[in-house]
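Please read them with the structure open.

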Amino acid sequence: MQPFLHAHATHADWRVALARVLAQLATQREHSAAGEPTLGWCYLTDHHAPAAEELLAALRERYPGVDWVGAVGVGVCASGVEYYDEPGLAVMLAALPREQFRVFSGHRPLAGAREAGSPFTAHTALVHADPATPELSGLIAELSERVDSGYLFGGLASARNRTLTIAADAAEPGGVLEGGLSGVAFSEEVALLSRVTQGCQPVGPLRRITEAERNVVYALDGEPALDCLLDDLDVDENLPRDALPKLRSTLVGLSGEDHGAADEFDTPARAGSFGTETRVRHLIGLDPQRRGIAIADLAEPGQQLAFCRRDVEAARRDLIRIGAEIRSALEPEELPLGPEAPEAPAEGRRIVGALYVSCTGRGGPHFGAPSAELQLVRHALGDVPLVGFFAAGEIGHGRLYGYTGVLTAFTAPAGT
């Protein structure tokens, strides 16, 4: 697999931004051995959302044989660069064999992993979705069942004007979509490594939900949930001036009762941090009469819950860690020493392209400086082709996350 091509630009006029992107791609093609592109990613900020159809049409005219996927975001990113709350465009191209991927949408659903007569078996899938889609979590879980490994990665489009995704087959017109899920599925031959990085840190112990009704938790480990919250935050509800700021900044980390066996994409929890099994949700209300707390998700007895807050240093450390995990996974396994050692060293794998989807709550100044988050990603992975966007929710495994980043690297043998 040849390295992907990628380009990015900012300009208030989408035509100028696209012209700069196309010029960068043309230069890269002249100086690389990349084959004819077949799959493209296009991420645009909401400044350019009104012109999405024209922009996609121009891309399709320039690259008529390419299938396109993408989404709008309040920010987009590339290798080491963020365009957040400003006009921005990021494009990446790959020369993948057509039998190794399928673009899908509500108009062209993805067949089940083992559906009889299906010419293509999806192993993983990149998913973009409209956050206003009803029963979104259920749809994501259902789509996960259609993928052989069960692993999905991606995010929810974010915009202040027009929320859209892109799923364009080269042989069919259109491709700019509003509502529902879309994306591209990959066969097992497309090797990738993907990790979820958390952006929040627990402020109290992990507890088990023992009484709940829909989205209201009434008891944790047999104790009133509101009392547990106040204890963990060390606040007095009779002193609202002191309590309210802490309550407003508190979130909830929710995880299932049984996480099952770890898989190749899992990141386990560590002391004082969350693993991939934890979904961060907003704390949306209190019930002083019944001593309950309301959260932005369904709660069930048996689930585990920990109160948490956004933490920049914890987010930075976790992002560096997952980058190191991906890099380590590319190294060859240990070789025997002495007479059993092979004559030539084993070759590892290399990153040919990458995608990064981060939460809008992490974008902009959250990491302390412009493009600081993507600089960390580039430091971890190296200067590899990368594009992505800032999402209204992130998708990893078959779950919908918040305040996280999802980093995915496409790999190939180092000698190719």
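**Notes on the predicted model**

1. I start with the second largest cavity. Helix 7 (residues 372–381) gives the largest share of its lining, four residues. Helices (H or I, at least four residues) and strands (E, at least two) are DSSP runs, numbered from the N terminus. A cavity is a set of points on a 1 Å grid over the protein atoms alone where a 1.4 Å probe fits but cannot get out, and lining residues have an atom within 4 Å of a point. The lining of the second largest cavity consists of Ser79, Gly80, Leu374, Val377, Arg378, Leu381, Gly382, Val384 and Leu386. By class, that is five nonpolar, three polar and one charged. Ala, Val, Leu, Ile, Met, Phe, Trp, Tyr, Cys and Pro count as nonpolar, Asp, Glu, Lys and Arg as charged, and the others, Gly among them, as polar. The space inside is about 30 Å³.

2. A word on ground rules. This is a predicted model, where local features need pLDDT of at least 70, side-chain atom pairs count only at pLDDT 80 or more, and totals for chains, interfaces and linings use all residues. Residues are numbered from 1 along each chain as its sequence is written, and side-chain values use heavy atoms, with hydrogens and water left out.

3. How many cavities of 30 Å³ or more does the whole structure hold? The search finds two. The largest cavity has about 70 Å³ of space. Here a volume is the space filled by probe spheres set on the grid points, which are joined across faces, edges and corners. Residues lining the largest cavity include Met1, Gln2, Pro3, Phe4 and Leu5. Ala34, Gly35 and Pro37 are also among them, as are Leu93, Ala94, Ala95 and Leu96. This lining has ten nonpolar residues, two polar and no charged.

4. Now the overall layout. The chain has seven helices and 26 strands. Of its 416 residues, 54% count as buried. Buried means under 20% relative accessible area, exposed over 50%, partly exposed in between (1.4 Å probe, protein chains only). Take the contacts (heavy atoms within 4.5 Å) with a separation of 6 or more: residues 24 or more positions apart account for 81% of them.

5. Look next at the packing. A nonpolar core is a set of buried Ala, Val, Leu, Ile, Met, Phe, Trp, Tyr and Cys residues joined through side-chain atoms within 4.5 Å. The largest has 64 residues, and Trp41, Trp68, Phe186 and Phe410 touch the most other members. Leaving out residues up to four places away in sequence, the contacts of Trp41 include Phe4, Trp68, Phe186, Leu355, Val387 and Phe410. A second, separate core has 21 residues, including Cys77, Ile322, Tyr356 and Val384.

6. Helix 4 (residues 225–233) is mostly covered, with seven of its nine residues buried. Cys228 and Asp232 are among the buried ones. Asp234 follows helix 4 and has a positive phi, near 55°.

7. Please check two further backbone angles. Arg214 has a positive phi near 55° and is not a glycine. Arg214 sits in the loop between strand 15 (207–213) and strand 16 (216–220). At 63% relative accessibility, Arg214 is exposed. His397 also has a positive phi, near 60°. His397 lies in strand 24 (residues 394–397) and is buried at 5%.

8. Is Asp169 buried or exposed? Asp169 is buried, with a relative accessible area of 13%. Asp169 is in the loop between strand 10 (165–168) and strand 11 (176–177). Beyond residues up to four places away in sequence, Asp169 touches Arg60, Asp67 and Arg108. Arg195, in strand 13 (residues 192–198), is buried at 10% relative accessibility. Arg195 and Thr276 are 81 residues apart in sequence, yet 8.4 Å apart in space, C-alpha to C-alpha.

9. Last, the cysteines. The whole structure has zero disulfides, a disulfide being a pair of cysteine sulfur atoms within 2.5 Å. Cys308 is buried at 0% relative accessible area. Cys42 is buried too, at 1%.

Terms used:
1 Å grid on protein atoms, 1.4 Å probe; cavity = no way out; pocket = protein on both sides within 12 Å on 5 of 7 lines; lining within 4 Å.
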